[in-house]
Amino acid sequence: MNSSKTIVACFHCGNTISDSKILLEEKKFCCSGCKMVYEILQQHDLCNYYEMNQQPGLIQNKTKRSDKYAFLDNKEIEMKLIHFSNQESSHITLYLPQIHCSSCLWLLENIHKVNEGIQSARVNFAKKEVFIVFYHQQTSLRAVIETLDGIGYEPYLSLNEISANGQSKTDRTRWYKIGVAGFCFGNIMMMSLADYLVGTEVIDYKIELFFKIISLVLSLPVLFYSATEFFASAWYGIKNKYLNIDFPVALALVITFIRSIYEITHGSGNGYLDSMSGIVFFMLIGRWLQSRTYQTISFDRDYKSFFPIALNVIKDACITPTEISKVKTNDIVQIHSNEIIPVDALLSKGQASIDYSFVSGESLPVKVNIGELIYAGGKQLEGMLELVVVKEVSQSYLTNLWNNPVFNKKEKPQQSTYDAIGKYFTYAVITIGIIAGLYWWLQGENTLMWNAITTVLIVACPCALLLSQNYTNGNILRVFGLNKFYLRSPEVIEKISRINHIVLDKTGTITHTKGANVKYSGKILSDALTADVASLLKQSSHPASQLVSEYLNIQNSSEVLHFKETEGQGIEGWVNEHHVKIGSPQFIGGEYFNERQGTKVVISIDGVIHGEYTITNKYRFGVTQLLKSLRTKFTLSLISGDNDNELKNIHDLIGKDSEVYFNQTPQQKLDYIANLQTNHYLNVMMIGDGLNDSGALKQSDVGIAVADTGNNFTPSSDGVIDCTKLSQLDTFIKFAIAGKKIILFTFTISAIYNIIGLYFAVQGVLSPVVAAILMPCSSITIILLTYGLTEWLAKYYQLKEVTK
């Protein structure tokens with residue numbers, strides 16, 4: 001008899017469910033956790049949460065163990081997390097990765113209704129942080145955290161939170177500089193308008209002198225405060241024996257200021273103080289636009305962001321939550337399901353199924369027996385373990401891996417394309433200025449000589465190139481951010497445009513870390529035989545057996561007699577008078593289909609091979625088309641810590657001539673990248689996701705970390721791309737290359753303007769008033785042009801969809 005199932009969405013989180021038996025007031029829930037959150041909100045009259053957005057609770061809330069946050073009762077740990085505390089209240093800022101909509105903001109800022117000990121909560125939506133003030137006489141930090149966790153907002157607490165030296169602060173220096181430059185520019189321009197608009201009339205001498213003095217005074221903070229970063233950058237380039245793009249800008253600012261003082265003191269003009277202030281103002285805005293960091297992304301994370309704050313240590317039959325740094329060798333510690341193991345330790349109790357995918361790149365969990373070593377960084381997948389610490393956190397395998405010298409190397413200053421253009425541009429401008437000045441000096445025209453020299457340097461200032469670079473890169477970063485691709489700095493955009501080789505990791509990068517594809521090949525098994533196979537599979541904890549068992553999805557089991565498991569090879573037993581043997585081809589003594597790639601689980605019943613289940617990785621959406629596109633423009637290679645079961649599939653994806661290496665250590669990955677750069681002179685982009693990729697990401701010219709929604713940690717890198725947007729990587733690269741062309745195009749437009757201006761400047765006849773008007777007009781034209789072109793390209797590459 002066929003029964004139809006009604007597909008509905010969970011009232012709380014929106015997960016698809018069928019015929020849910022968890023009901024409350026005719027509302028259906030996917031699990032008891034979602035129902036519990038609804039009851040909490042209903043109890044405190046906070047159900048408006050559901051009216052602001054449809055199914056806003058995206059996180060499925062599972063039942064938590066009661067002692068999960070017991071370590072927060074430790075006053076020493078508590079004080080390291082709290083930013084401020086007095087006799088009445090304490091302040092703390094918590095990172096909540098679940099924040100995603102206006103409902104989250106409303107609920108969190110009304111959390112005082114759930115826990116009356118909370119005085120107030122203020123959400124920083126961009127950073128996904130909540131700032132909480134609570135009365136520590138009425139509640140505790142542990143109670144606050146448990147309240148948040150109870151309504152579906154589990155704070156992300158890591159060792160890094162208590163290892164950081166003080167609370168991070170936002171650097172507002174550039175904001176102040178922009179404010180000062182904008183204020184001074186506006187007022188200087190207002191006073192200069194009188195001179196521009198007076199025509200043939202004469203301004204009263206005292207008023208004119210007053211305007212000049214005020215303009216000069218207002219220009220001082222612009223030059224000596226707002227413009228300091230241009231001078232600092234120029235000096236940095238000189239110290240490293242090259243002229244960067246900021247050198248001619250700094251030189252032009254100094255010449256402009258000196259020329260203005262000369263004109264004002266000698267009564268020959270009003271100078272260029274308005275133009276100087278305007279240029280600084282516009283360039284600072286451009287710098288701010290391109291240097292904005294995406295506050296939800298950290299590009300410099302290390303292992304401390306991966307480890308928990310504390311462990312449960314068993315001493316004298318008592319469990320004591322202990323800060324990780326104080327866990328010592330030979331301590332016995334508890335690890336619960338889905339927790340990270342932060343120390344190298346021996347398994348003393350429990351069934352260990354360790355996921356090393358993030359550390360070594362192995363795609364399948366590893367079964368560990370009593371007495372065997374478990375390395376730091378692995379995640380326990382099933383049940384609770386007791387471990388005997390062999391090496392402390394500071395001495396563990398993972399810490400030693402991270403302390404590789406490559407992570408401490410200082411990057412050498414590199415000249416960008418624009419620095420090279422700026423250098424030659426500077427030489428050309430200075431040469432033209434000297435020749436023009438020399439010509440008029442030989443003619444005996446000293447006034448025209450100084451006029452020609454200074455006007456050439458002012459008119460030919462490469463500010464347009466700097467503005468074009470800043471505004472184009474700033475807009476590209478903004479478009480990338482809207483599409484969940486975040487870059488460390490604007491300099492990475494140019495590095496991307498120079499890439500000619502791409503190295504890929506496999507596990508967690510182009511494949512999913514969880515789940516797998518399972519396919520059966522062989523004789524058609526009856527329902528009874530399939531049930532027998534499923535019954536035997538359920539007796540094994542091996543990851544491959546569990547994947548096939550999940551694929552079969554048979555709930556009822558038959559009794560298994562004489563069960564025997566050969567470690568790492570296979571299992572066998574008697575089920576309903578059939579001898580069933582399941583395992584690797586070597587264990588069974590043959591296979592059904594030789595050509596298929598992947599991990600094989602062969603089925604033998606009563607001595608006859610009936611078929612095999614092939615387990616292959618699940619590739620991320622769009623990866624096939626992405627790699628097909630990348631192959632046409634770049635050479636590709638893949639290097640992985642996983643086994644080579646997917647070798648044929650990988651060659652089909654990236655090309656048979658591409659280099660593919662499996663079972664590679666983190667050091668081997670790093671060395672491979674270095675070899676490509678040193679011996680093959682390639683500009684390498686590395687795309688990875690785990691700690692085992694960190695060295696390679698750091699060594700590469702551009703390191704891109706793939707961020708999985710199920711993992712809050714991404715290794716140190718030049719950029720972070722959301723896993724759902726990996727399929728668009730080729731489009732992002734095209735957009736970065738097009739951005740470089742926009743900068744060069746707008747600079748060409750600017751160069752034409754400079755050539756025309758220089759024609760008049762070298763003759764010494766360019767009016768200061770005309771020059772003062774043309775300079776900001778040119779800057780505004782460049783800004784509008786770069787913005788318009790990047791917006792058009794974003795639409796052309798279909799990158800204008802704002803992600804939600």
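Modeller: This is a predicted model. Helix α24 covers residues 729-761, and F745 is part of that helix. F745 is partly exposed, because its relative accessible area is 43%, and the limits for that class are 20% and 50%.

V503 gives a case from a strand. This residue sits in β19, which runs over residues 501-504. V503 has a relative accessibility of 0%, so V503 is classed as buried; the cut-off for buried is under 20%. Apart from neighbours within four places in sequence, V503 contacts S637, I639, Y672, I673, L676, V684, M685, M686 and I687. One of these contacts, M685, is 182 residues from V503 in sequence, yet their C-alpha atoms are 6.2 Å apart in space.

Next comes a sheet. Six strands make up an open sheet with antiparallel pairing, and their order is β10-β9-β11-β17-β12-β15. The edges are β10 (318-323) and β15 (373-374); each has a single partner strand, so one side of each has no neighbour in the sheet. At the β15 end, that strand pairs with β12 (residues 344-349) through two bridges, in the antiparallel sense. L346 has L373 of β15 as its bridge partner.

Terms used. Residues numbered from 1 in each chain as written. Predicted model: local features only at pLDDT ≥ 70, side-chain atom pairs only at ≥ 80, totals over all residues. Heavy atoms only, no water. Helix = DSSP H or I, 4+ residues; strand = E, 2+ residues; numbered from the N terminus. Buried < 20%, exposed > 50% of the residue type's maximum accessible area, 1.4 Å probe, protein only. Pairing = 2+ DSSP bridges. Contact = heavy atoms within 4.5 Å.
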